[in-house]
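The following note is a reading guide in numbered points. Please keep the sequence and the three-dimensional view at hand while going through them.

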Amino acid sequence: MKRIIFSILSIFMSASVIADISYNYLQVSFVDMGDAEAEALNFQGSYEVAESVFVFAEYSDGEFDDMPVDSDNVQLGVGTHTSINDNTDFVFALSYIDAEIEGLGETIDVDGYRLGVGIISEISENIEVQA
């Protein structure tokens with residue numbers, strides 16, 4: 001099932017050089033949802049292939065401890081950015097998402113597209129804000 005999903009751009013950026021937002025990063029994160037007894041491992045990366053064009057990918061694997069449910073998600077995309085000022089960019093990204101949830105004897109496989117539009121602003125050498 002194909003769906004177009006509009007959302008706020010959620011690409012996490014790494015530390016970057018002052019007055020030059022970086023679109024090159026690798027990130028690994030582990031999420032423990034405590035009381036929900038759920039955990040997820042997430043891998044993300046982005047690479048700027050031209051002056052204002054970047055590609056990105058994300059993979060996450062999550063599971064619930066109290067019930068036999070597992071989820072796997074893959075996202076691949078391309079984006080472009082244009083400078084608004086020295087430390088702020090307008091960003092547009094389009095990605096393909098494939099998600100699979102297995103549990104309780106069933107498998108649900110959903111795929112679709114995501115359109116992201118937003119602004120990224122670097123407020124210091126190590127902090128970027130996104131909207």
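This is a predicted model: local features need pLDDT of at least 70, side-chain atom pairs count only at pLDDT 80 or more; totals for chains, interfaces and linings use all residues.

1. The largest pocket is lined by Asn42, Glu58, Tyr59, Ser60, Asn73, Val74, Gln75, Ile97 and Ala99. Strand E4 (53–64), strand E5 (69–85) and strand E6 (88–103) are the elements that give two or more residues to this lining. On a 1 Å grid over the protein atoms alone, a pocket is an open set of points where a 1.4 Å probe fits, with protein on both sides within 12 Å along at least five of seven lines, and lining residues have an atom within 4 Å of a point. Strands are DSSP runs (E, at least two residues) and helices are DSSP runs as well (H or I, at least four residues), numbered from the N terminus.

2. The space in the largest pocket is about 160 Å³; such a volume is the space filled by probe spheres set on the grid points, which are joined across faces, edges and corners. By residue class, the lining of the largest pocket holds 4 nonpolar, 4 polar and 1 charged residues. In this division Ala, Val, Leu, Ile, Met, Phe, Trp, Tyr, Cys and Pro count as nonpolar, Asp, Glu, Lys and Arg as charged, and the others, Gly among them, as polar.

3. Residues are numbered from 1 along each chain as its sequence is written, and side-chain values use heavy atoms, with hydrogens and water left out.

4. Ser60, one of the pocket-lining residues, lies in strand E4. Is Ser60 buried or exposed? Ser60 counts as buried because its relative accessibility is 13%; buried means under 20% relative accessible area, exposed over 50%, and partly exposed in between (1.4 Å probe, protein chains only). Apart from neighbours within four places in sequence, Ser60 is in contact (heavy atoms within 4.5 Å) with Leu41, Asn42, Ser71, Asp72 and Asn73.

5. Val28 also has Leu41 and Asn42 among its contacts, together with Phe43, when neighbours within four places in sequence are left aside. Val28 belongs to strand E2 (residues 25–32) and is exposed, since its relative accessible area is 57%.

6. Which residues make up the largest nonpolar core? This core has 7 residues, namely Ile21, Tyr23, Phe54, Phe56, Val91, Ala93 and Ile120. E4 and E6 are the elements that give two or more residues to this core. A nonpolar core is a set of buried Ala, Val, Leu, Ile, Met, Phe, Trp, Tyr and Cys residues joined through side-chain atoms within 4.5 Å.

7. Ile21 is buried because its relative accessible area is 6%, and Tyr23 is buried because its relative accessibility is 0%. Ile21 and Glu122 are 101 residues apart in sequence, yet 6.7 Å apart from C-alpha to C-alpha. For Tyr23 and Glu48, the C-alpha distance is 5.5 Å at a sequence separation of 25 residues.

8. Leu104 has a positive phi of about 55° although it is not a glycine. This residue is found in the loop between E6 and strand E7 (106–124). Leu104 is exposed, since its relative accessible area is 65%.

9. Arg114 is located in strand E7 and is buried, because its relative accessible area is 11%. Arg114 and Gly77 are 37 residues apart in sequence, with 8.8 Å between their C-alpha atoms.

10. For the protein chain overall, the secondary structure comes to 0 helices and 8 strands. Of its 131 residues, 31% count as buried. Among contacts in the protein chain with a separation of 6 or more, 47% join residues 24 or more positions apart.
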